[in-house]
Amino acid sequence: MNVEYLAIAKLFLPEIVLTVGALLLLGIDLCLGKRDTRRALVLLGAVISLAAACVALLQWDWRPAEAQYVRQAAVTSAVQRMAPAVGRDALTHAARISERDARAVTTAYKAARHDSLVESAATPPADGAPVMGIAPYDAGLSSPSFSAWWLFTADNFALIFKAIFALALALALLLSTRFPVARYRGEFAALLMFAAVGLMVMVGSLDLVGIFLGLELASLCCYALAAWHKQDARSAEAGTKYLLLGSLASAIFIYGASLFFVEYGSTHLHVLAHGAAQSPLTLVALLMVLVSFLFKVAGAPFHLWAPDVYQGAPTAMVAFLSTAGKAAGFAVLVRVLSAHGFQAFSEKWLLLFIGVAALSILIGNLVAIHQNNVKRLLAYSGVAQAGYVLIGLVAMADPAGGTLLNEALPLTAVIFYLAAYMVMNIGAFAVVGIVGRESGGEELSAFAGLRARAPVLAFAFTLLLLSLGGIPLLSGFVGKWYLFLAGVYQGQYLLVLIGTTMSVVSMYYYLLVIKQMYILPAADGAQPIRVGALAAAGLAAITLVTVAIGIYPGPLYTLAQAAAKSLMP
Amino acid sequence: MTLVDTVISRGNIESTMTNQAISIAVFFGLGLLFWMVALAASHLVRPRRPSAAKEATYECGTVPVGRAWYQVHVRYYIYALLFVLFDVEVAFLYPWAAIFRRLDGFTLFLLIDVLIFLLILVFGLVYAWRKGALEWE
């Protein structure tokens, strides 16, 4: 077996595990009859996703950050040597690239992967022959493996997000073992798994085209999943809205990417980072790319699709979309924004981010108060949570215009919060899914008297809601604490003030749900709620982890910090 | 020296982009001109004797039935989706075939690569088939 191919496969190990697993699932699904329950099949999917999460964490680079920097610096310098003279004329110079230059870059890349040779790769070539921005695509012809190294990475930052997606997928699959229509359970699970593969490709990509590839794979699966309940008008509405607005966001993203290509002759982030100048075209392109992902993370005023989609789509899918999908959007935003060149004119896009963060926190929390449907309530609370995470992104920027990310705290806080949020939000949707299935609706009144009907469920939901609101000793509090801390360090006092004030407001609507469960009596004839063994196990794990992170955040913080540092230059 | 000659003869790399843009503009202009001249000429030359059959919508020789705004059976879309899928597959195979010979020493792996791609697609077709998507019911 060719060594190069194994090296490429290592870049995509979690994706390969999930893809093969999903195909296996579909194959078994074909052999089953129409009447089989397929519960074991979905459970198999959950096991495969857990395996993918383990694979992602096994790939973790445990070496000290300095060793990773050297390797990263080698890769970055190799890439940037391709594009020293980026500019409008990069395209027209492409024809000048010689075979020798292409080979030199390929060698530098290969060397960058072997630590013993890192030093030689990091030093610029003696003759310093300029290689233009478009070279990698030509150079790719001299070695098939080259293009993969050019486009994708498996650094700790990508790996922690891959693990988050895989865990979210496993939990969402545990939720869907009792999915209403038994005949389609296998397809449902497989589509969710393919969506996770798309998200993983997204966070591992260094090129806007690669990001787009993953984004589309994930989005197409999610469109189908949102419209899953064919007979339900709300589900059809959710699917249509998500398809139309989602493709609009994708179109804006790819248009922004094409403008980058016009300016630099490449869509690679290293090239963009190297040559980003404060030209109007760069700013427009950057804003388009950023806005499309602000849409994906449902930050106000780009959040209007979220409540309708969350309400109509199957709960298991919403649980996955609202956590993993959001995390993926933030991961890409961080990757794009951490590029040096964009930091140089951060004061321009910083304004957009401060505005979106403040608006998301205000709108999300204030509108959530009026919601009658718990899924819509969680959707607006998700908008607010996106606003809190955006505080961390704002704190990443250096208003002075220097190098950013010299301080790891903001990015660590973002990753920490996204991981903690994944766990608690999936748990909240799990409870909503179970209660909704048993009482036939997700209205607030469906939760009345849950204390008597399902005491354990009510207790778990209370803990998760309090965690979402940010009560100490639960994971949500620690996450918000780091985010606000990062904001204060960067002098974003007003934003942090809005965040803390609105956190108090958010407690009001979380407590409304808790009031329904504990104080109000159950409706007449309400049955006790049965919880399946698998869902109960998943929920127990989620609640335990939420409490554990809240009491002892150290390990997760260390992991998040290592991931954040791997993105630093 | 005509404009087209200029485009072909000038080897200057810097101006290639501009020249390509010019040649596209020339093609576009010629296309527009051809369309206008052909229509105008036929309008001048042809006899004009309208009849009901001539005024009817042209549908590749068959007699058109009903109105254009009618509901298409959802099964058409499934067929259309499967068709587009394999249409795009062929579009992907062209660039693969184009670089296949240029990559000496990697041909076996390129072959395996594309076989994986094809196998996944064929699996999709088999899946659709087994699920009854190809039956009209």
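Is B:Thr107 buried or exposed? I looked this up before anything else. B:Thr107 is exposed, because 12 other C-beta atoms lie within 10 Å and a residue with 12 or fewer counts as exposed. I was working from a predicted model throughout.

**Entry 1: around B:Thr107**

I placed B:Thr107 in helix H5 of chain B, which covers residues 107-130. I then checked its distance to B:Ala38. The two C-alpha atoms are separated by 50 Å, and the residues are 69 apart along the chain.

**Entry 2: chain B as a whole**

I counted five helices and zero strands in chain B. Read from the N terminus, the order is α-α-α-α-α. Chain B has 137 residues, and buried residues make up 0% of them.

I went through confidence next. The mean pLDDT of chain B is 80, and 84% of the residues score at least 70. Helix H5 of chain B has the highest confidence, at 87. The lowest is in helix H1 of chain B, residues 3-9, with a mean of 49. I also noted that pLDDT is below 50 over residues 6-14 of chain B. That stretch has nine contacts in the model beyond near neighbours in sequence.

**Entry 3: chain A as a whole**

I found 26 helices and zero strands in chain A. Chain A has 569 residues, and 56% of them count as buried. I looked at contacts with a separation of 6 or more. In chain A, 82% of these are between residues 24 or more positions apart.

Chain A has a mean pLDDT of 82, and 80% of its residues reach 70 or more. I marked two stretches for caution. Over residues 83-101 of chain A, pLDDT stays under 50, and the model has 41 contacts there beyond four places in sequence. Over residues 112-146 of chain A, pLDDT also stays under 50, with 83 such contacts. For the model overall, I noted ipTM 0.70 and pTM 0.82.

**Entry 4: the nonpolar core**

Which residues have the most contacts inside the largest nonpolar core? I got A:Ile164, A:Leu169, A:Leu192 and A:Ala196. The core has 187 residues. Helix H20 of chain A, residues 409-439, gives the most to this core, with 21 residues.

I followed A:Leu192 further. Leaving aside neighbours within four places in sequence, A:Leu192 is in contact with A:Leu169, A:Ala172, A:Leu173, A:Leu225, A:Met317 and A:Phe320.

I also looked at helix H10 of chain A, residues 185-204. This helix has 20 residues, and 19 of them are buried. H10 reaches 29 Å from first C-alpha to last, close to the 28 Å expected.

**Entry 5: two helix pairs in chain A**

At what angle do helix H11 and helix H12 of chain A pack? I read about 175°, with the axes 9 Å apart. H11 covers residues 208-226 and H12 covers residues 233-264. H11 is therefore roughly antiparallel to H12, since the cut-off for that is an angle over 145 degrees. On the H11 side, the residues that meet H12 include A:Leu208, A:Phe212, A:Leu215 and A:Tyr223. On the H12 side, A:Tyr242, A:Gly246, A:Phe253 and A:Phe260 are among them.

I then took helix H23, residues 475-489, and helix H25, residues 533-551, both of chain A. Their axes come within 7 Å and cross at roughly 45°. That angle makes H23 oblique to H25. H23 makes the contact through A:Ser475, A:Phe477 and A:Val478. H25 brings A:Thr546, A:Ile549 and A:Gly550.

I looked at the loop between helix H14 (280-296) and helix H15 (305-312), where A:Pro301 lies. A cis peptide bond joins A:Ala300 and A:Pro301, with omega about 5°. A:Ala298 lies in the loop between H14 and H15 as well. A:Ala298 is not a glycine, yet has a positive phi of about 60°. I count A:Ala298 as buried because 28 other C-beta atoms lie within 10 Å.

A:Arg38 is another non-glycine with a positive phi, about 65°. I found A:Arg38 in the loop between helix H2 (13-31) and helix H3 (39-58).

Why does A:Arg38 count as buried? A:Arg38 has 25 C-beta neighbours inside 10 Å, and the cut-off for buried is 20 or more.

Notes:
Residues numbered from 1 in each chain as written. Chains lettered and ligands numbered in written order. Predicted model: local features only at pLDDT ≥ 70, side-chain atom pairs only at ≥ 80, totals over all residues. Helix = DSSP H or I, 4+ residues; strand = E, 2+ residues; numbered from the N terminus. Expected span 1.5 Å × (residues − 1). Core = buried A, V, L, I, M, F, W, Y, C linked by C-beta atoms within 7 Å. Contact = placed C-beta atoms within 7 Å. pLDDT = per-residue confidence, 0-100. Axes fitted to C-alpha atoms, helices over the stretch in contact; angles between N-to-C directions. Parallel < 35°, antiparallel > 145°, perpendicular 65-115°, else oblique.
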